[in-house]
Amino acid sequence: MSLTTRRKLIYGSVAAVAGVGGLAAADRLARRYGLIPPDSGGIYGPGETLTYACQRVLNVRTPAREFPHSMISKKPFANEAYPPGDEFKKLRAGGFKDWRLVVDGTVAHPLVLSLADLKSLPVRSQITEVACEEGWSYIAEWIGTPLGAVLREAGVLPQTRYVAYFSIDKVIWDSIDMADAWDQHTLLTMGMNDGDLPVGHGAPLRLRLPRQLGYKSLKYVNHITATDDIRKFGKGKGSVSPDFGYAWYAGM
Ligand SMILES: Nc1nc2c(c(=O)[nH]1)N[C@H]1C(S)=C(S)[C@@H](COP(=O)(O)O)O[C@H]1N2
Ligand SMILES: [Mo]
């Protein structure tokens, strides 16, 4: 069976079952095809599963929306949340020369990369929108290394199902599935609008994920872990968002 046919079939069944047998049955079906998001427990769980399963079956190849230069926002809103503590202040004062990105987990070659190392990998730029769940958004140009290029360097092992990423503040973290991890638009950004990425927008390194809401685009990323089991991290729901009532999968 071709992938497209399979996808149509799964989607057809997920949608039909959702109408007839209700969300619980859709959940069972999605489970059979491994389309269960980490936050599938609790009252909103079946809804989250239906959203994620349908999006993955239908949309996995729809590229992120890109915009022309003329649409770049004059004043990009920075939802500033500077990482607390002296460690970040020291790194910033030193121009982030001593900053490192750690890449580990289910990879053949764990990596420790400086900004210069990252800049020696393939670079891509894209003009995309950051949309906050609170209703505001802005468009900016983002310049960086595709996450996929870093994952290839690290030699991601075949059992890998998720990539988790952590902010230097050690509080906020998130994760994505491999469809998003390999997506050409998923960028580790170091530049924004023809300059260096400003600290307010996440310098020295921010993950940009234009096909999901702004909160998945974590700022101050300094650790990336590939894993076959996302439930081992934090409270097992794939990110801190579900603790605050937000979905792990925030597709748009
Ligand atoms: N480390 C970190 N990353 C973060 C946040 C945060 O508080 N801390 N806020 C998120 C939210 S809710 C949004 S909408 C965007 C805002 O991006 P901006 O600051 O570039 O406007 O960053 C996301 N990334
Ligand atoms: Mo947000």
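Predicted model: local features only at pLDDT ≥ 70, side-chain atom pairs only at ≥ 80, totals over all residues.

Residues are numbered from 1 along each chain as its sequence is written, chains are lettered from A and ligands numbered from 1 in the order in which they are written, and side-chain values use heavy atoms, leaving out hydrogens and water.

**Exercise 1.** Find how many salt bridges the structure holds.

*Solution.* Start with the criterion: a side-chain nitrogen of Lys or Arg lies within 4 Å of a carboxyl oxygen of Asp or Glu. The structure holds seven such bridges. Among the residues involved, R56, D177 and D180 are linked in a network.

**Exercise 2.** Work out which parts of the chain K216 and D174 tie together, and whether these residues are buried or exposed.

*Solution.* First, the distance: their closest N and O atoms are 2.5 Å apart, forming a salt bridge. Next, the location: K216 lies in the loop between strand 9 (206-208) and strand 10 (221-227), and D174 in strand 6, so the pair ties together parts 42 residues apart in sequence. (Strands are DSSP runs of E, at least two residues; helices are runs of H or I, at least four; both are numbered from the N terminus.) Finally, both K216 and D174 are buried, meaning under 20% relative accessible area, with exposed over 50% and partly exposed in between (1.4 Å probe, protein chains only).

**Exercise 3.** Describe the salt bridge between K170 and E87.

*Solution.* Their side chains meet at 3.6 Å, N to O. K170 sits in the loop between strand 5 (162-167) and strand 6 (173-177), and E87 in helix 4 (residues 86-93), 83 residues apart. K170 counts as exposed at 69% relative accessibility, whereas E87 is partly exposed at 45%.
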